[in-house]
Amino acid sequence: MGQHTDGPDERHRRPAGVSDTTVEALGKLSEALETVERARGHLYSLHQLIGHADLMLDDAVELFRSAGHDDIADRIGRDLLGRNVIGGRWTFQIVEDFDDGYYALFRELDRRARDELVDGRRHLYEAEMKERRRTPGRPGHEARPGMEG
């Protein structure tokens with residue numbers, strides 16, 4: 001059996017000859033992508049919330065009709081129910097455009113930069129930060145899974 005050294009696994013070690021600035025730049029690109037991932041989640045929340053609100057309008061229209069307010073029910077049903085949220089688009093179309101355009105390009109450029117500069121390795125900046133901040137040999141400070149004492 002091979003002996004593991006205390007430290008990051010191979011996929012989280014920088015290849016020979018890669019500079020600190022390159023690792024920092026890749027880390028900043030990764031951080032930016034993570035921020036876009038969070039924004040994407042908010043976009044999907046918008047999509048689901050608007051869809052739910054639109055379906056709730058069915059109940060509101062029915063209740064206005066039951067209360068004898070046909071003009072208000074008609075106005076909501078005609079002008080708001082099923083309306084585009086942005087010129088010509090429902091939220092699913094916004095999500096698709098985002099995913100297929102900006103998001104896909106961002107992910108591709110991040111992947112290509114990692115492939116070209118560090119053999120596709122991810123989170124090198126964070127892995128090196130972990131090594132600087134952890135206390136080797138202390139419980140809960142293991143370099144990787146399976147290294148527990």
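Patches are built from residues with over 30% relative accessible area and no salt bridge, where like charges are joined within 9 Å and nonpolar side chains (Val, Leu, Ile, Met, Phe, Trp, Tyr) within 5 Å. In this protein, L46, I50, V85 and I86 make one such nonpolar surface patch, of about 310 Å². The model is predicted: local features need pLDDT of at least 70, side-chain atom pairs count only at pLDDT 80 or more, and totals for chains, interfaces and linings use all residues. Residues are numbered from 1 along each chain as its sequence is written, and side-chain values use heavy atoms, with hydrogens and water left out.

**Overall build**

- The protein has four helices and zero strands. Helices (H or I, at least four residues) and strands (E, at least two) are DSSP runs, numbered from the N terminus.
- Along the sequence, the pattern reads α-α-α-α.
- The protein is more spread out than a compact globule, because its radius of gyration is 25 Å, well over the 15 Å that the globule rule gives for 149 residues. The radius is taken over C-alpha atoms, and the rule is 2.2 Å times the number of residues to the power 0.38.
- Along the principal axes, the C-alpha atoms fill a box of roughly 80 × 35 × 25 Å.
- Of the 149 residues, 23% are buried. Buried means under 20% relative accessible area, exposed means over 50%, and partly exposed lies in between (1.4 Å probe, protein chains only).

**The nonpolar patch**

- Accessible areas come from the Shrake-Rupley method with a 1.4 Å probe; for residues, only the protein chains shown count as cover.
- L46, one of the patch residues, sits in helix 1 (residues 20-66).
- L46 has a relative accessible area of 39%, so L46 is partly exposed.

**Salt bridges**

- The whole structure holds 14 salt bridges. Each one needs a side-chain nitrogen of Lys or Arg within 4 Å of a carboxyl oxygen of Asp or Glu.
- R14 pairs with D20, with the closest N and O atoms 2.8 Å apart. R14 is partly exposed at 25% relative accessibility, and D20 is exposed at 55%.
- R14 and D20 also belong to a network of salt bridges with E128.
- R65 pairs with D70, with the closest N and O atoms 3.9 Å apart. R65 is partly exposed at 38%, and D70 is partly exposed at 39%.
- R78 and D79 meet in a salt bridge of 3.2 Å, N to O. R78 is exposed at 59%, while D79 is partly exposed at 39%.

**A buried arginine**

- R144 lies in the segment after helix 4 (124-133).
- R144 is buried, yet has no salt bridge. The nearest side chain of opposite charge is D9, 5.7 Å away. For charge, Lys and Arg count as positive and Asp and Glu as negative; His and the chain ends are not counted.
- A polar atom of the R144 side chain lies 3.4 Å from the backbone oxygen of P8. A polar contact is a pair of N or O atoms within 3.5 Å; within protein, one must be able to donate a hydrogen and the other to accept it, and residues adjacent in sequence count only if both atoms are side-chain atoms.

**Before helix 1**

- V18 is found in the segment before helix 1.
- V18 counts as buried, because its relative accessibility is 14%.
- V18 and E116 are 98 residues apart along the chain, and their C-alpha atoms are separated by 11 Å.
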